[in-house]
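Good morning, and thank you for coming. I shall present one protein model and ask you to follow it on the screen as I speak.

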Amino acid sequence: MASAHTQTTITPHNQEPFVTRIYPNESELDVKIQNAALAQTEWKKRSLKQRIEIGHKFVTEFKAIGGDDLKSLHMELTMQMGRPVSQIPGEIRGFLSRAEYMLSIAESCLSDVALKDTDSPGFRRYIKREPLGIVFVIAPWNYPYLVTINSVLPAIVSGNAVLLKPSPQTPLVAERFADALHKAGVPKDIVQVLHLSPSLTSHVIQHSLVDFISFTGSVVGGQAVERAAVEASGFKGVALELGGKDPAYVRPDADLKYTVAELVDGAMFNSGQSCCAIERIYVHESVYEEFKDQYVDLVKKYVLGDPTKPGTSLGPVVSVASAQRIRKQVADAVQAGAMSLIPENLFPIAQSGTAYVAPQVLVNVNHSMDVMMEETFGPVVGIQKVFSDEEAIHLMNDSPYGLTASVWTNAEDNPESQEAFLRIVDDLQTGTVFLNRCDFLDPALSWTGVKNSGRGVSLSKFGYDQLTRPKSVHMKVKTK
């Protein structure tokens, strides 16, 4: 909920106001940006070793949060975005694990690239990695710690200044993050949290001192960011991590018990509110019925309810409006011939006018239905029968999105299945292909997408490349 001058976070499960923040005006915003630019000219002069050491200190201090403070952090996130409090610790562990990995590779990624082996006598050549300047990070609400660390910490370690705009749904996450960085030794003007309206967000994007924008969110939001950047004077770098409609393909030799459990979790965790959640499953006809029955049985065991209670395994979606959109997508699919397999009376709390959405499994689905083509971002999955690898590949690629895809097959016992998987990898139009896992980010691997899932990259060595630019140095030392 927002006005012209403020934003208020509404707690999803009780629809009560939780925290309000006041927007700066344009003059105040310009001062913050100018301060960031001034601070960055000094920050980039610090040695890479010093910046890495500050990063490690940040991790150490964040790990030291314990007792009531840690419980408060967990509950604070639940109250902002609705995930069951019992599931918050996993995000914090992942947040710190990603930070540690990106720090561990920083020196190798950011050090000068020497060309001694090919230098001619009397010459010295090398390539430096230079910071971009000011990086504007627009972060999402669904995994605010996990996603924000992907760009903020590597940007700082690379020598950039960061302007961090959190989602209005999770403003306190950015404030906690920035506070921990400041305590670790990052100057206050190098990391600044900005709570902004859409017009103020465009103002920052188009500011002459802002060099790069890293956005994670919807396709519509990404289009708005790109449009604002294009309309700015000069040329700005833009990274867009957008939506997904991530598919899974279950081959005949898949370990069904394992696969069902993984794909239920991949579809339902965080109430399906993940860009890489499993939203459509293609199952070989030889195991379709058994897979479907096991899947439905497991989904029925979820406990939908108050996310502050320890026994809850499925919380509300982020808003009443989101819940209404998800219910309509399901209803439209059923009206078009899909069959819903989860009785709504199993989840009586999921009433119209609330943010609670009952988990749902749909069969008799096809690609004429939005539920198989457009991002749901809710606890809903469609299961479709296929008869071959070729049909599965065609359907997996028949999507405006391309973030991740997963294949489930017994590669351990059947070498031909591993070979089949590798052939499928080559044919899939996607940023990441998983074998026997899903909905997971490995920081050693690049996180990227194709089609409407965006462009750019975070994590891995390529995440540092995106946040720096090469500067070539060509020295002719001997002139006689």
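Predicted model: local features only at pLDDT ≥ 70, side-chain atom pairs only at ≥ 80, totals over all residues.

**The largest cavity and its surroundings**

The lining of the largest cavity is made up of 6 nonpolar, 5 polar and 4 charged residues. Here Ala, Val, Leu, Ile, Met, Phe, Trp, Tyr, Cys and Pro count as nonpolar, Asp, Glu, Lys and Arg as charged, and the others, Gly among them, as polar.

Residues are numbered from 1 along each chain as its sequence is written, and side-chain values use heavy atoms, with hydrogens and water left out.

On a 1 Å grid over the protein atoms alone, a cavity is a set of points where a 1.4 Å probe fits but cannot get out, while a pocket is an open set with protein on both sides within 12 Å along at least five of seven lines; lining residues have an atom within 4 Å of a point. Grid points are joined across faces, edges and corners, and a volume is the space filled by probe spheres set on the points.

The largest cavity holds about 90 Å³ of space. It is lined by 15 residues, and Pro 247, Met 396, Tyr 401, Gly 402 and Gln 429 are the closest to its centre. Two or more lining residues come from each of β10, α13, β15 (401–402) and β16. These labels denote DSSP runs numbered from the N terminus: helices are H or I with at least four residues, and strands are E with at least two.

Let us turn to helix α13 (residues 389–397). Its buried residues are Asp 389, Ala 392, Ile 393, Leu 395, Met 396 and Asn 397, where buried means under 20% relative accessible area, exposed over 50%, and partly exposed in between (1.4 Å probe, protein chains only). They pack against several elements, including β10 (246–250), β11 (278–284) and α14 (415–427).

What does helix α10 (residues 256–268) pack against through its buried residues? The partners are β10, β11, α11 (288–299), β13 (360–363), β14 and β16. Among the buried residues of α10 are Leu 256, Val 260 and Leu 263. After α10 comes Asn 270, with a positive phi near 60°.

Several of these strands belong to one sheet. Strands of a sheet pair through backbone hydrogen bonds, either parallel or antiparallel. Here 7 strands form an open sheet with mixed pairing, in the order β12-β13-β14-β11-β10-β16-β17. At the edges stand β12 (339–340) and β17 (432–435), each pairing on one side only. Two strands pair if DSSP finds at least two bridges between them; β12 and β13 are antiparallel over 2 bridges, and Met 339 stands opposite Val 363 in β13.

Finally, the second largest pocket has a volume of about 270 Å³. Of its 15 lining residues, Arg 327, Val 330, Glu 344, Ala 358 and Gln 360 lie nearest its centre. Helix α12 (residues 320–335) gives the largest share of that lining, 5 residues.

Notes: Contact = heavy atoms within 4.5 Å.
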